[in-house]
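Biologist: I'd like to learn how to read a fold from its contacts and cores. Could you walk me through it?

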Amino acid sequence: MLDQLNHIEQTGLAELATLADPAALDAWKSSYLGNKSPLKAALAGLKDVPKDAKPAVGKRMNEVKQALEAAYESRRSALGAGGGAAAGPRLDMTEPGLLESHALGRRHIIMRVRAELVEVFARMGFEVAQGPELEDDEHNFIKLNIPPEHPAREPIDNFYVDNPGAVGQPRMMRSQTSTVQIRVMEDAVAKGWGPPIKIVSPGRVYRPDTVDATHSFMFHQIEGLYIDRAVTMADLKTTLFQFARAYFGKDAEIRLRPSFFPFTEPSAEFDMKIKLRPDEPARWVELGGCGMVDPAVLTGCGIDPEVWTGFAFGFGIERIAMGRYGIPDIRMLFENDVRFLEQL
Ligand code: DAH
């Protein structure tokens with residue numbers, strides 16, 4: 001009898017180890033632990049075992065039954081069979097999800113270029129300053145040395161809001177980020193943290209321009225201002241050249257053209273050779289203006305022009321983005337056509 005039990009245990013365990021699917025596992029269970037199993041037959045035969053051998057045989061029977069049951073359970077969980085053949089499909093937690101229906105968003109190209117420009121200037125030691133988009137006369141014009149009769153102040157060239165004439169009151173959507181130069185200089189003097197001053201200020205500006213391939217009624221500029229002892233035009237040119245190489249690559253070509261702005265003297269226009277369409281040769285595109293800060297502007301902000309000098313610049317961010325990424329029409333940047341935005 002004991003030999004028979006050993007045999008059942010050995011063949012049962014050996015067979016179990018070869019099984020690989022839940023259905024085979026079920027079949028094994030009924031043939032080794034079911035009602036018609038040899039183990040059940042042996043159990044029924046226990047009554048015929050001589051009385052003095054009964055305890056040992058009964059004990060061994062229990063051991064074999066428990067060993068087979070335990071082996072069955074561990075095999076079943078190793079196969080991940082759940083409830084055997086009746087269980088539903090297996091759940092694989094490591095499978096990738098269905099991503100198609102959840103397309104990832106991204107930053108708009110203008111916001112990205114803006115961050116890239118700030119990054120390039122930050123490497124040259126410029127900090128970021130911000131100013132309001134709703135501005136007053138004083139910061140948009142007066143302190144930038146733009147007198148009351150200047151044509152730049154014409155209503156046709158500016159978005160005025162109601163509240164005309166009240167100095168120091170919000171009056172208009174700013175037409176240039178040069179307003180931030182004034183705010184930063186005033187702040188530096190009032191709080192005593194500068195000069196030296198070295199900032200860039202990216203932001204939106206508003207002008208009632210007719211929309212075409214290179215103009216929009218709202219666009220972005222990045223303004224720069226550097227004031228220190230003995231800053232010269234050579235520093236300005238070096239900074240712009242370094243910027244162009246850092247952002248557009250080492251072959252970037254730039255040029256300064258003499259120009260006029262009321263708040264700089266001398267003033268220049270900053271052009272770069274840019275390819276807007278792949279099938280056209282690169283051509284000179286005006287990116288913005290620059291120059292040495294006019295002594296009258298420094299004085300107006302409480303900075304002594306005999307001690308401090310500085311340069312300033314203001315570029316159109318859309319123009320830079322168009323040049324950097326080969327975008328032929330500024331309107332593409334505002335239409336929010338997903339097919340366009342997804343390419344950038
Ligand atoms: N504010 C000028 C514009 O919007 C650009 C500009 C020119 C900015 C000269 C400057 C500068 O800082 O020095 O056309």
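Biologist: Among contacts in the chain between residues at least 6 apart in sequence, what percentage join residues at least 24 apart?

Modeller: A contact means heavy atoms within 4.5 Å. Here 66% of those contacts join residues at least 24 apart. Do keep in mind that this is a predicted model, where local features need pLDDT of at least 70, side-chain atom pairs count only at pLDDT 80 or more, and totals for chains, interfaces and linings use all residues. Residues are numbered from 1 along each chain as its sequence is written, and side-chain values use heavy atoms, leaving out hydrogens and water.

Biologist: What radius of gyration does the chain have?

Modeller: The radius is taken over C-alpha atoms, and the globule rule is 2.2 Å times the number of residues to the power 0.38. The chain has 41 Å, while a compact globule of 344 residues would have a value near 20 Å. Its C-alpha trace spans about 125 × 50 × 45 Å along the principal axes.

Biologist: Which residues touch the most other members of the largest nonpolar core?

Modeller: A nonpolar core is a set of buried Ala, Val, Leu, Ile, Met, Phe, Trp, Tyr and Cys residues joined through side-chain atoms within 4.5 Å; buried means under 20% relative accessible area with a 1.4 Å probe, protein chains only. In this core of 40 residues, the answer is F243, F313 and F315. The largest share, 7 residues, comes from α5. Residues that F313 touches, beyond four places away in sequence, include F121, L236 and C290.

Biologist: How many residues does the second, separate core have?

Modeller: That one has 22 residues, among them M172, I182, I227 and C301.

Note on methods: Buried means under 20% relative accessible area, exposed over 50%, partly exposed in between (1.4 Å probe, protein chains only). Helices (H or I, at least four residues) and strands (E, at least two) are DSSP runs, numbered from the N terminus.
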